[in-house]
Amino acid sequence: MITDLDKRSTLTQTLKTANVIPGILPEFERKFSLKVTFSDGTTLDTGATIKKSSQFHPLLYAFSPHRIVDTASEPKWSISGATAEELKGKAFTIFLVDPDAPKPEEPTVSQVIHFAQTDFVVQEDLTLISTAVPLTPYHGPNPPAISSAHRYIPVIYEQTSGIGSIKAPSDFPTDWSDVMKRLFFNVNEFSSRVEGQLVLASANLWYTAPEKAA
């Protein structure tokens, strides 16, 4: 019988194998598992490789070695390995980063921040919902055609200082119309600079291949 402890151990090992730990995140005690489900109903397994596509085309499905997933819209976030009762009254912040831009061999502009939002709370069905204005609006994975698949890492922190307590540093962008402002992010460093207290609770990982890649 596979226990929640076994699953957490396997997920942690996957993050270490992919150098998410310690390359992007420090060692940490996982409190639960963070699940990612996109609008087409695809829930990603940790370490899965997908190809992003915002448009359906039968040939893409016929000849792609990777599953085609519509990643244009923000996914649904949820948890496993803990109960709603255990997490009642707690708030969380979620980030999504790409540490492989423009390509894994030369990540000269990484990390790219794809999403940041505070004040997520756990619902009875274990989904995570926030009504806060995102610190960084969601921008779907978009590795360039010249690149191999990129790692995409959703990271969730517990707001131990409470709901509504997390404020971005004064030098953090508020206008995201310029995509260049998403470059050179560091989730570990940023989490230590916010107003309020964030404690790393969990993370996940998937790979996205370029839309036109074989």
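Colleague: What percentage of the residues of the chain count as buried?

Modeller: This is a predicted model, and of the 214 residues of its chain, 47% count as buried. The secondary structure comes to 3 helices and 10 strands.

Colleague: What makes β5 largely enclosed by the rest of the structure?

Modeller: Buried means under 20% relative accessible area. In β5, 7 of the 7 residues are buried, so the strand is largely enclosed by the rest of the structure. Phe92, Ile94, Leu96 and Asp98 point one way from β5, whereas Thr93, Phe95 and Val97 point the other way.

Colleague: How do you know that β5 pairs with β6 and with β8?

Modeller: Two strands pair if there are at least two bridges between them. β5 and β6 share 6 bridges in the antiparallel sense, and β5 and β8 are also antiparallel over 6 bridges. Val97 has Ile113 of β6 as its bridge partner, and Phe95 stands opposite Val155 in β8.

Colleague: Which residues touch the most other members of the largest nonpolar core?

Modeller: That core has 26 residues, and those touching the most other members are Val20, Leu25, Phe95, Tyr157, Phe185 and Val187. β5, β6, β8, α3 and β9 each supply at least two residues of this core. Apart from it lies another core, of 25 residues, including Phe92 and Trp206.

Colleague: Why is the contact between Glu27 and Lys16 called a salt bridge?

Modeller: The criterion is a nitrogen of Lys or Arg within 4 Å of a carboxyl oxygen of Asp or Glu, counting side-chain nitrogens. The N to O value for Glu27 and Lys16 is 3.3 Å, so the pair meets the criterion. Glu27 lies in the loop between α1 and β1 and Lys16 in helix α1, so the pair ties together parts that are 11 residues apart in sequence.

Key: Residues numbered from 1 in each chain as written. Predicted model: local features only at pLDDT ≥ 70, side-chain atom pairs only at ≥ 80, totals over all residues. Heavy atoms only, no water. Core = buried A, V, L, I, M, F, W, Y, C linked by side-chain atoms within 4.5 Å. Buried < 20%, exposed > 50% of the residue type's maximum accessible area, 1.4 Å probe, protein only. Helix = DSSP H or I, 4+ residues; strand = E, 2+ residues; numbered from the N terminus.
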